[in-house]
Structures are given as C-alpha cells and as structure tokens.
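Here is a friendly briefing to read alongside the model. Keep the sequence and the 3D view open as you go.

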Amino acid sequence: MTAVAAPAEILATDDLSAYYGEHKAVGDVSIQFRRKAVTALIGPSGCGKTTLLRCLNRIHEVLFDARVTGRVLLDGHDIYATDMDPMRVRRRIGMVFQRPNPFPTLSILDNVLACGRHGLTREQKLQVAERALRAAALWDEVKDKLKTSPLRLSGGQQQRLCIARAIAAEPEVLLMDEPTASLDPIATAVIEELMCSLAKEFTIVAVTHNMQQAARVSDVTAFMLADETRIGRLIEVDDTSKLFTKPRDPRTEDYITGRFG
Amino acid sequence: MENAQPGGAPQFRRVARFVSPTDRGFAAIVYAGSALFALLILGLFIELLLGSWPSIAKFGPAFIWHSAWNPIANQFGALPMIYGTVVTSLIAIILAAFIGILAAVYLADFAPRWLAAPLSFLIELLAAVPSVVYGLWGLFVLAPFVRTSIGPALQSVLGWTPLFSGPIYGVGLLTGGLILALMIVPTVTAISRDVVAAIPRDLREASMALGSTKWETAMRVVLPAARVGVFGACVLALGRALGETIAVTMVIGNRPEISASLFAPSYTLASVIANEFTEATTDIYISALIQLGLILFFVSVVVNALARVMIWSVRGSERTL
C-alpha cells in the first residue's frame with residue numbers, strides 16, 4: 001500500500017503501531033480514509049479498533065504510558081511530526097465518544113461553543129451554535145432551552161449534542177467511537193441517519209461493534225482482528241458492499257457470517 | 001387478606017416479611033448508634049447552655065458585641081475573640097483553598113505517577129502531625145519570619161491599607177491565619193484530589209478532543225464538575241480552622257483586642273478557653289468561658305449549615321443553570 005495521500009484520501013496511516021506500556025495493541029496498520037465518506041472499523045472486542053481510532057487525533061497519547069509509532073497523514077502532513085501541535089490536530093479531527101459526555105456544568109449552548117470559538121460576537125456565536133445543532137438534528141428539540149443543563153436531555157439527545165459540539169469546531173474529519181453503543185434502538189436509528197447526512201460535509205471514521213450498523217451507514221469497511229499475540233491487525237478494507245458480500249480474506253468471512261467474535 | 005374483591009378498589013396483599021433475628025439485632029444496634037449521635041449533640045448543647053447560664057443571665061445578648069474582656073474587673077465581652085476566630089479562619093481558608101485546590105489538580109491530572117503517589121502520602125502525613133508541633137514551629141520559626149520578612153514585605157506594598165499598618169510583633173492575626181492555613185491545606189488537598197480524580201476520564205478526553213490544553217481542561221471542565229466536592233473539602237477544613245486551639249494559642253499573641261491590622265496580637269474563642277480555664281477563679285468567669293464555647297459551637301453549626309445550603313443550591317441550579 002502506498003502511504004502518500006492521494007486527493008481522494010484525506011487521512012491515512014502508515015505503518016502505525018500503538019502501545020500501552022510494553023503491550024502492542026495495534027500493529028503496523030496502513031489504511032487510507034476516503035474524503036467525505038463513512039469508513040466503519042469493525043472487529044471483535046480487543047481487536048484494537050478503538051485504539052486505532054484514538055491514534056488518529058492523538059488522543060491515545062494522553063493516556064498514561066501510551067505510545068505510538070509510525071505516521072498518520074492528514075492531507076499529506078504527518079500529525080505526529082515534531083512541529084505539529086496536538087491541540088491543532090484535534091481541532092481539525094473531531095471526536096465523539098462511546099458514552100455521551102456533555103460537560104455537566106455548562107449549558108447546552110456553552111457545550112456547543114466549548115471548542116473555544118473566540119473573537120466572535122454573541123450573534124455570531126449563536127449562529128455557529130444553531131448551525132451545529134441543526135446539523136446534529138437537535139435544534140428543534142433544544143432551541144427553547146439552550147441555557148439549561150444538558151443532563152436533562154435523553155441519552156440520544158446528549159449524544160447528538162456531543163456531535164454538535166464536535167462539528168461546531170468545523171473539523172475536517174469526525175471520529176466516532178461506537179457512538180450508539182449506549183443508546184436504545186430508536187436513538188440509534190437517529191444517530192445512524194445523522195452519520196449518513198454528516199458524511200456529505202465531513203469525513204467520518206466510526207468504530208462499531210455492530211455489523212448491521214456498518215452495513216447500513218458506511219461506504220467503506222475495515223475489518224480488524226487480534227492475532228495470536230493479541231496485537232490488533234488490519235485484515236481487510238474494501239467498499240462496504242464488497243466486503244460484506246465477497247470478502248477476500250477467509251477470516252473476514254468467518255467474522256461476518258458469525259463464526260466467531 | 002385476599003386480592004381485590006369484585007367492584008372494590010384493588011387491594012394489595014400484605015406479605016409478612018421474614019426478618020432474621022440477626023438482622024433485627026443489627027438494626028437495633030444501628031438505630032442505637034445513630035440515636036447516640038443525636039443525643040450527644042443535644043447533651044453537649046444542653047450542658048453548654050446550663051454552664052453558661054449565669055453569664056447569659058448577667059450580661060444578656062450584649063455579651064456577644066461587648067469588646068471588653070477584663071476578668072479582674074468582671075467585664076466579659078466575646079467580640080474580640082469572635083473577631084479573632086473569624087479573621088484567622090478566613091485568612092486560613094482563603095490561602096488553603098487556593099493552594100490546596102491547585103495542588104489537588106496537579107496531583108490528580110498533571111503529576112507523573114512516580115511523583116503523585118509519594119506526594120499524596122506526604123500530604124496525608126502532614127494532616128496527621130499533632131497541632132502542638134505546628135504551634136511550636138509557628139512560635140519559633142514562623143512568627144520570627146513574619147516579623148522580619150513577610151510582615152515588612154507586605155507592609156512595604158500594602159502598608160497604606162489599615163490591614164497591614166502598625167507595628168509588626170510577629171505573633172498576631174496574620175501568623176495565626178498562616179499556621180492555620182498550613183494545618184488545613186492537607187485536608188483541602190487530600191479531599192479535593194480524590195474528588196478531582198473521580199471525575200470521569202470521558203469528560204477530560206471530550207475536552208482534549210476539542211483541542212483544549214490540559215490546563216484549559218482542568219480549569220473549565222474538571223474543576224467545575226468537581227466543585228461541590230471541592231467546596232465540601234473547604235468547609236470541612238474551615239470547620240477545623242474555627243475550632244483549632246493549641247497551635248493558634250501559641251502564635252496569636254493572646255490579647256483580647258480588636259484592631260484593624262493583621263499584624264496585631266489577638267485572641268480566638270478556642271484559645272481563650274484553653275488559656276484561661278485553669279485560672280478562672282470566679283463562677284461568673286467560668287460561666288463566661290463556657291458561653292464562649294457555646295458561641296463557638298453555634299459558629300461551627302452555622303458554618304456547616306451554610307455550606308449545606310450552598311451545596312444544595314449548586315446542585316439545584318444545575319438543573320436550570
């Protein structure tokens with residue numbers, strides 16, 4: 001695989017490995033993420049898909065004893081280069097987490113504006129917030145209670161608030177770590193629909209446990225599996241329709257037909 | 001009793017719950033334990049009230065705002081001690097909260113692991129040092145240092161305010177407040193650190209993922225989320241400062257006077273009781289000292305009650321902001 005980001009690819013990894021102390025959790029992954037498409041990372045628990053995702057915005061390294069080798073190229077520039085500011089990287093690559101995590105002491109409005117859009121007038125800030133909340137399909141539900149606590153929202157609403165918070169920073173890439181894992185089926189359907197509509201504007205990389213979800217929302221699917229030494233490896237990546245119908249690797253076929261994991 | 005009769009309101013069948021004898025015995029012990037606490041507080045209050053009754057009857061409410069304390073002339077007023085207690089405790093809690101909260105954030109979020117564990121242990125150790133040791137150190141090290149260094153430095157900058165004017169004795173309100181701050185800073189730090197460390201990692205990562213620095217994350221997300229617990233830590237520490245006796249007695253100068261300057265000697269409720277109880281010869285003198293204890297008791301109750309109310313209002317306002 002070539003590591004140079006072709007115009008169709010906004011984000012790519014090159015021989016990326018991630019460690020927790022001495023343990024290598026992700027091994028030598030080279031993968032490219034297509035611009036304005038949804039890429040799903042699937043695989044059984046412990047295959048390193050979340051760790052891989054967390055390397056893409058350099059949030060992996062904030063954990064104690066966590067380490068990364070290899071490169072991650074955003075528009076051709078290595079985000080792990082020594083002159084790269086991780087804060088700036090994270091502003092360009094947003095993230096939504098497994099469990100909704102709005103800031104409990106900030107109002108709904110301040111949550112959306114938490115990315116620190118300084119130098120805007122009050123009016124402009126409201127516009128930014130409204131645009132983000134509309135894009136996250138939450139505006140109509142919260143427009144009358146922007147000053148209230150986010151903790152009174154339902155789980156699905158909180159997760160959409162977190163999506164609004166992430167996209168208010170106007171990132172180029174949106175990482176989603178099992179964004180529906182803690183939600184009920186109805187809220188899950190709303191988020192899935194949202195992922196499809198957000199893909200028109202953002203590049204989305206989403207980790208999911210749920211193969212049906214990957215099939216429903218993603219354009220490209222990557223399958224990961226831990227090898228016998230518990231190192232997460234990228235097994236296969238292809239258009240979602242191809243991967244689920246004609247997998248090239250027997251291990252992928254075993255997984256998607258439910259033979260393990 | 002059977003289930004609902006036709007047409008009647010549905011009735012729930014009462015099931016006789018089996019309660020094991022050991023459970024019943026245990027429940028009795030627990031109830032007795034909690035009743036004991038209530039009784040203790042009530043008994044303490046009654047005892048204080050009875051002991052101070054001669055003084056209350058003689059001086060009336062004016063005892064609280066009278067500023068003369070002259071046992072020889074049978075003049076007893078509590079105001080200088082109330083003033084000294086409040087001022088030293090305020091100095092202590094302002095300094096201790098500032099330092100302790102920052103230290104807690106450092107220990108929980110910034111310090112490398114090999115440093116955080118021994119540092120935390122040291123801080124907890126500080127909390128266990130007997131207060132008389134603090135008092136000795138305060139008398140022989142801190143008070144001279146205030147007289148020769150801290151005091152003159154403060155005076156050269158802020159000497160134009162009444163707070164920092166006048167002669168610097170070394171012993172006085174400021175030294176009392178400093179020694180108290182030192183004594184309660186471990187409490188603030190240790191409890192705040194636990195509270196801050198208990199804030200979920202999720203929240204920190206959410207903030208970091210938006211491009212915030214660790215410092216911004218700590219100040220804008222972690223500390224606000226921990227505010228109720230941190231506030232509780234400060235109140236607990238304030239309670240200790242209000243009642244602390246021996247260390248303050250050794251460095252405050254023991255003079256029942258009110259002066260605007262923080263360099264002036266003063267007295268606290270606790271230290272006057274400790275100092276003068278053995279030499280109180282007349283009944284009214286003893287009774288006045290007990291009434292000081294009653295006032296201290298009240299001040300502590302009021303501070304804790306205020307803290308409770310503030311915690312409740314913070315929790316309540318979270319619903320609407």
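Helix H6 of chain B (residues 131-158) gives the nonpolar patch its largest share, 5 residues. This is a predicted model, in which local features need pLDDT of at least 70, side-chain atom pairs count only at pLDDT 80 or more, and totals for chains, interfaces and linings use all residues. Residues are numbered from 1 along each chain as its sequence is written, chains are lettered from A and ligands numbered from 1 in the order in which they are written, and side-chain values use heavy atoms, with hydrogens and water left out. Helices (H or I, at least four residues) and strands (E, at least two) are DSSP runs, numbered from the N terminus.

**The nonpolar patch on chain B**

- The patch is formed on the surface by Leu136(B), Trp137(B), Leu139(B), Phe140(B), Val141(B) and Leu182(B), with about 550 Å² of accessible area together.
- Patches are made of residues with over 30% relative accessible area and no salt bridge; like charges are joined within 9 Å, and nonpolar side chains (Val, Leu, Ile, Met, Phe, Trp, Tyr) within 5 Å. Accessible areas come from the Shrake-Rupley method with a 1.4 Å probe, and for residues only the protein chains shown count as cover.
- Val141(B) sits in helix H6 of chain B, and its 41% relative accessibility makes it partly exposed. Buried means under 20% relative accessible area, exposed over 50%, and partly exposed in between (1.4 Å probe, protein chains only).
- Leu182(B) belongs to helix H7 (residues 173-197) of chain B and is partly exposed at 36%. Its C-alpha atom is separated by 9.8 Å from that of Ile93(B), 89 residues apart along the chain.

**Pockets**

- How much space lies in the largest pocket? About 710 Å³.
- A pocket is an open set of points on a 1 Å grid over the protein atoms alone, with protein on both sides within 12 Å along at least five of seven lines, where a 1.4 Å probe fits; lining residues have an atom within 4 Å of a point. Grid points are joined across faces, edges and corners, and a volume is the space filled by probe spheres set on the points.
- The largest pocket is lined by 22 residues, and Val62(A), Phe64(A), Ala108(B), Asp109(B) and Lys214(B) are the closest to its centre.
- Four helices of chain B each supply at least two residues of this lining: H4 (79-110), H5 (113-127), H8 (201-209) and H9 (214-225).
- By class, the lining of the largest pocket has 14 nonpolar, 1 polar and 7 charged residues. Here Ala, Val, Leu, Ile, Met, Phe, Trp, Tyr, Cys and Pro count as nonpolar, Asp, Glu, Lys and Arg as charged, and the others, Gly among them, as polar.
- The second largest pocket holds about 260 Å³ of space. Among its 16 lining residues, Leu106(A), Asp110(A), Leu113(A), Ala114(A) and Arg220(B) lie nearest its centre.

**Salt bridges**

- Over all chains, the whole structure has 25 salt bridges; in each, a side-chain nitrogen of Lys or Arg is within 4 Å of a carboxyl oxygen of Asp or Glu.
- Glu205(B) and Arg54(A) meet in a salt bridge at 2.6 Å, N to O. Glu205(B) is in helix H8 of chain B and Arg54(A) in helix H1 (residues 49-55) of chain A, so the pair joins two chains. Glu205(B) is buried at 3% relative accessibility, and Arg54(A) is buried at 6%.
- Glu236(A) and Arg248(A) pair at 3.5 Å, N to O. Glu236(A) lies in strand S10 (residues 232-239) of chain A and Arg248(A) in the loop between helix H9 (240-245) and helix H10 (250-256) of chain A, so the pair ties together parts that are 12 residues apart in sequence.
- Buried or exposed? Glu236(A) is buried at 3%, whereas Arg248(A) is exposed at 59%.

**Backbone and loops of chain A**

- Asp75(A) has a positive phi of about 50 degrees although it is not a glycine, and it lies in the loop between strand S4 (66-74) and strand S5 (77-78) of chain A.
- Glu178(A), also not a glycine, has a positive phi of about 45 degrees and counts as buried at 9% relative accessibility.
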